[in-house]
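The sequence and the coordinates are shown first.

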Amino acid sequence: MEYHINIIGKKVRELRKIRGITQSKLAKGIKLSRASVTNIERGKHTPSLERLIIISNFFQTTLDYLLADK
C-alpha cells in the first residue's frame, strides 16, 4: 500500500465534495481550523494518526480508503 500525503488530501477533498460539505463544516466536525483543512486537502499538512481516525469516522469510511492510492 502506497502512502502519500497528496493521496490523503485528494481523498478528503473528494469525500467532502461528494457529500456537499464545505471546508468550514468539515473543520467544525473534526475540530480543526478551516485553514488546516485547506492545508490537508492541498497536501501541505500531514494529519496525525489520531486526526486521520477522526476524519475517517466523520466520513464513515476506513483508514485504508484515506491512505491507499487504489
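In this predicted model, helices α2 and α3 are roughly perpendicular to each other, because the angle between them, about 105°, lies in the range of 65 to 115 degrees. Their axes are 8 Å apart. The contact between the two helices involves Q23, S24, L26, A27 and I30 on the α2 side, and these residues meet R34, V37, T38 and E41 of α3.

Helix α2 comprises residues 23–30, and its buried residues are Q23, L26, A27 and I30. These four lie on the same side of α2, because the arc they cover around the axis is only 100°. The other side of α2 carries K25 and K28, which are exposed. The cover over the buried residues includes α1 (5–18), α3 (34–41) and α4 (49–59). Just after α2, K31 adopts a positive phi of about 60°.

Helix α4 contains I55. Which residues does I55 touch, not counting those up to four places away in sequence? The contacts are with V12, I30, I40 and L66. I55 counts as buried because its relative accessibility of 1% falls under the 20% limit. I55 and K31 are 24 residues apart along the chain, and their C-alpha atoms are separated by 9.8 Å.

The aromatic side chains are considered next. A pair of aromatic rings is described by the distance of the centres and the angle of the planes. The count of aromatic pairs comes to one. This pair is formed by F58 and F59, with 5.1 Å from centre to centre and 85° between the planes. The arrangement is edge-to-face, because the angle of 85° is over 60 degrees.

| Residue | Relative accessible area | Class |
|---|---|---|
| I55 | 1% | buried |

Note on methods
Residues are numbered from 1 along each chain as its sequence is written. This is a predicted model: local features need pLDDT of at least 70, side-chain atom pairs count only at pLDDT 80 or more; totals for chains, interfaces and linings use all residues. Side-chain values use heavy atoms; hydrogens and water are left out. Rings of Phe, Tyr and Trp (its six-membered ring) pair if their centres lie within 6.5 Å; planes under 30 degrees apart count as stacked, over 60 as edge-to-face and the rest as tilted. Buried means under 20% relative accessible area, exposed over 50%, partly exposed in between (1.4 Å probe, protein chains only). The arc is that of the directions from the helix axis to the C-beta atoms. Contact means heavy atoms within 4.5 Å. Axes are lines fitted to C-alpha atoms, for helices over the stretch in contact, and angles run from 0 to 180 degrees between N-to-C directions. Angles under 35 degrees count as roughly parallel, over 145 as roughly antiparallel, 65 to 115 as roughly perpendicular and the rest as oblique.
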